[in-house]
Amino acid sequence: MGFENEFASYEPLRRILDNPKVKALHDRLRVKKREEQKDCQKFEGNIIKKEDLPESDFLPDYVIAIDGSYQAARAENGYPGAEFGYVTVASVLIKLDLVRQFAKQEFIDPKKFRETEKASTIESVMPGCNVIIEGETSAKASMRKVLFEELQSNIVFFEGETLLDSYEALLKIKLDKDKEGGNTRKPRSPIEDIDKEMTYGFGEYKCPHTSQPLYSTDAMRLHELLNPGGSSGEMYGQIMAMLEKIWLVHILRAFEKKGWLPILQRVAFIMDGPLACFSTWSWLNKSLISELRRINELQKKISSRDLLIIGIEKSGTFYNHFDEIDTTVDGITGKFPNQSALLLTDGYIKRNIIFSEGSKHQYGEDTYFGRKLFYKTKTEYKVVPVIATFNNFQRDLRTANPDQFPRLSDLMNILDEIVSSRYPNSVSPLVTAHAEAAIPLNLGKRIFEDIAREIRDKSYKND
């Protein structure tokens, strides 16, 4: 780390370039051969044109978009480096049917157009380095308690289950599977200064070794990401991602308990980023897969089609690769055909995007609850969607058949309609959701119950 007003010279760069270790490593690098690059340019795998799929006229009347944001901030409590994390997750319901009606008008009343969007946000403040709440003895213990209370206090519907209830339903799936499979391995207890295994439970309960409080949310082990001597940006980011996934399950479970599953056939869910669970809470992925499958089967008896849950990856190695295969050697874009999708297999991903050889596990096997594809819209925008899967056949990445991607033609219809012209690698509902997450103007609003009733009443009138 340099000193103030100190500038680097070129001498360190010269030493690095001339270093024999650097040269030796460079010579050992594995570089993709030109022939392999040409194979990549042939769109190896399955490229499917929209016109080749069974025709679909489906467009959702409603889109629920979920996105989050987080920011670290200093805490003025007298301790050096004290920090807390501001985490917010927004869910925005967009009435696309109303948007389409306004699109036919020459002049649109801005006030009425704002009625096409309704939002709700979760706002959380998480303790970080040197932030200790009353009654606790450390930043880590404070963070654990606040995380538990945050899930306990948030709810979509009045008189419904809390976010904590939804999470504990997923935790129960994990514990039941561990018991059936004979899995006895447990992580270390979150109680500091004891070398004992995690004691799982629900709600708030006592540690059998110290009588100190434990929480059901300890099972996610997010407290392990807290940096006691610096910023905990990774922890805040993982808390945000976790809240987004549980919020999705929470909404679906609420619709089920209210008897509103028929509404879901007219709704598309869109989330920012991959449909995956990473880091210390990655175990949640398998429970989430089980719960989504259960809810999907229930609503499928009514609608005869799968739920439509989509993640959008706006950047990263997959988007970069899509950009590469759409570009000629002369740097001209447009090589990939419009209204076409490249359905990705495990082999294609490992050869061209995330290099891997000899792995027995398919890409994302333990972390993803959806599978990726590339799609170029009718307006030439490139999008990397991740579509939720609901059975083993759909999740099998050894093959990439259109029927392994639930409602593929419906997905193409939606992306053609809602791709963002302002941010061409994203979709407009996520732009709105991110704006709400970054500037949460609707804190505490409980809008989903009213919206669900509105949709239900409209359905009855149509019948």
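A polar contact is a pair of N or O atoms within 3.5 Å; within protein, one atom must be able to donate a hydrogen and the other to accept it, and residues adjacent in sequence count only if both atoms are side-chain atoms. Such a pair is found at Ser189, where a polar atom of the side chain lies 3.2 Å from the backbone nitrogen of Ile191. The model is predicted, with local features requiring pLDDT of at least 70 and side-chain atom pairs pLDDT 80 or more, while totals for chains, interfaces and linings use all residues. Residues are numbered from 1 along each chain as its sequence is written, and side-chain values use heavy atoms, with hydrogens and water left out.

The protein chain contains 15 helices and twelve strands; these are DSSP runs numbered from the N terminus (helices: H or I, at least four residues; strands: E, at least two). Of its 463 residues, 51% are buried. Buried means under 20% relative accessible area, exposed means over 50%, and partly exposed lies in between (1.4 Å probe, protein chains only). Among contacts in the chain with a separation of 6 or more, 73% are between residues 24 or more positions apart, a contact being heavy atoms within 4.5 Å.

Ser189 is located in the loop between α7 (163-181) and β5 (204-206). Its relative accessibility is 8%, so Ser189 counts as buried. Leaving aside residues up to four places away in sequence, Ser189 touches Ile194, Lys196, Glu197 and Met198.

Helix α8 covers residues 233-257, and its end C-alpha atoms are 36 Å apart, which agrees with the 36 Å that 25 residues should span at 1.5 Å a residue. The expected span is 1.5 Å times one less than the number of residues in the helix. Because 21 of its 25 residues are buried, α8 is largely enclosed by the rest of the structure. Just after α8, Gly259 has a positive phi of about 75 degrees.

Two packed helices are described by the angle between their axes and the distance between the axes. Axes are lines fitted to C-alpha atoms, for helices over the stretch in contact, and angles run from 0 to 180 degrees between N-to-C directions. The axes of α8 and helix α9 (residues 284-303) cross at roughly 25 degrees and come within 11 Å. The two helices, α8 and α9, are therefore roughly parallel to each other (under 35 degrees; over 145 is roughly antiparallel, 65 to 115 roughly perpendicular and the rest oblique). On the α8 side the residues that meet α9 are Lys245, Ile246, Val249, Leu252, Arg253 and Glu256, and their partners in α9 are Leu284, Leu288, Glu291, Leu292, Arg294, Ile295 and Leu298.

Helix α6 (residues 139-153) packs with α7 at an angle of about 110 degrees, the axes being 5 Å apart. Helices α6 and α7 are therefore roughly perpendicular to each other. Phe148, Leu151 and Gln152 of α6 make the contact with Leu163, Leu164 and Tyr167 of α7. Helix α7 also holds Asp165, which counts as partly exposed at 34% relative accessibility. The C-alpha atoms of Asp165 and Phe202 are separated by 9.5 Å, although the residues are 37 apart along the chain.

Positive phi values also occur in residues other than glycine. Asn130, in the loop between β4 (117-127) and α6, has a phi near 60 degrees and is partly exposed, at 25% relative accessibility. Ser211, in the loop between β5 and β6 (213-215), has a phi near 65 degrees.
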